[in-house]
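Reader: I would like to see how the labels attached to this structure follow from the numbers. Please take them one at a time.

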Amino acid sequence: ELDSAIKPIEGRIIWAGRPADPRKDLQTLLRAFRKVVDKAPGARLAIMGGQVPDKLKNFAKELCVDQYIDYLGRVDSPQDEYAKSDVAVMSSLQEGQCLALLEAMALGIPAVSTKSGGPDGFIKDGVNGFLVEKRGHEALSDAIIKLLTDRLLRNKLGAAARQTVISDFSPDTVFGKLTSIY
């Protein structure tokens, strides 16, 4: 007998950083996540890092997405949280090197980030993740949905993400870059 029930699209999206820092622009991520939940009702958003301000939690409630969000706070083993995730995301207005995305990518998790500085140097759009314009919640949600709904693409970009970290950020590579400067 065929099961007539259609399974909702699922997936875990992870964000890591300092939620109280306005440069992280979590409002854009929350707006994007509203559209993600519409298209993928089984999706979850994990927010890992410091305390999430009430203002942001209230905004999530206004968008009716708070029941799909896991506020993890500070985590002792972030790699365990990344390993349970399908997509790593960063919605910042300004980013440095962004170790959070590199940690996720090292585990084979594709990244979606705004063009905010650091990630622009290691995310190759459509190759190991996706880059979108700052404050572009529509493009952010589209990229997340694309990865959640296409397992082959997610696996391909995830493998490329891991290879990027291995080839560009291994201790030998970084040491070689430093010694060539000095």
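Author: What follows sets computed values against cut-offs, and the model is a predicted one.

Reader: Why is the contact between Asp142 and Lys35 called a salt bridge?

Author: The closest N and O atoms of Asp142 and Lys35 are 2.5 Å apart. A salt bridge needs a side-chain nitrogen of Lys or Arg within 4 Å of a carboxyl oxygen of Asp or Glu, so this pair qualifies. Asp142 belongs to helix 5 and Lys35 to helix 1, so the bridge ties together parts 107 residues apart in sequence.

Reader: What makes Asp142 partly exposed, and what of Lys35?

Author: Asp142 has a relative accessible area of 39%, and Lys35 has 22%. Buried means under 20% and exposed means over 50%. Both values fall in between, so each residue counts as partly exposed.

Reader: How do you know that Arg154 and Asp86 form a salt bridge?

Author: Their N to O distance is 3.9 Å. The cut-off is 4 Å, so the pair is counted. Arg154 sits in helix 6 (residues 151-169) and Asp86 in the loop between helix 3 and strand 4 (87-90), 68 residues apart.

Reader: Are Arg154 and Asp86 buried or partly exposed?

Author: Arg154 has a relative accessible area of 13%, which is under 20% and therefore buried. Asp86 is at 22%, so Asp86 counts as partly exposed.

Reader: What makes Glu133 and Lys115 a salt bridge, and which parts does the pair tie together?

Author: The closest N and O atoms of Glu133 and Lys115 lie 2.9 Å apart, which is within 4 Å. Glu133 is in the loop between strand 6 and helix 5, and Lys115 is in the loop between strand 5 (111-114) and strand 6, so the bridge joins parts 18 residues apart in sequence. Lys115 itself is partly exposed, at 35% relative accessibility.

Reader: How many salt bridges does the whole structure hold, and which residues do shared partners join into one network?

Author: The search finds 11 salt bridges.

Reader: Which residues and elements line the largest pocket?

Author: The lining has 16 residues, and Ala16, Gly17, Tyr82, Ala100 and Glu103 lie nearest the centre of the pocket. Strand 1 (10-17), strand 2 (42-49), helix 3 (78-83) and helix 4 (99-106) each supply at least two lining residues. Helix 4 gives the largest share, three residues. The space in this pocket is about 260 Å³.

Reader: How does the lining of the largest pocket divide by class?

Author: The lining has nine nonpolar, two polar and five charged residues.

Conventions:
Residues are numbered from 1 along each chain as its sequence is written. This is a predicted model: local features need pLDDT of at least 70, side-chain atom pairs count only at pLDDT 80 or more; totals for chains, interfaces and linings use all residues. Side-chain values use heavy atoms; hydrogens and water are left out. On a 1 Å grid over the protein atoms alone, a cavity is a set of points where a 1.4 Å probe fits but cannot get out, and a pocket is an open set with protein on both sides within 12 Å along at least five of seven lines; lining residues have an atom within 4 Å of a point. Grid points are joined across faces, edges and corners, and a volume is the space filled by probe spheres set on the points. Helices (H or I, at least four residues) and strands (E, at least two) are DSSP runs, numbered from the N terminus. Ala, Val, Leu, Ile, Met, Phe, Trp, Tyr, Cys and Pro count as nonpolar, Asp, Glu, Lys and Arg as charged, and the others, Gly among them, as polar. Buried means under 20% relative accessible area, exposed over 50%, partly exposed in between (1.4 Å probe, protein chains only).
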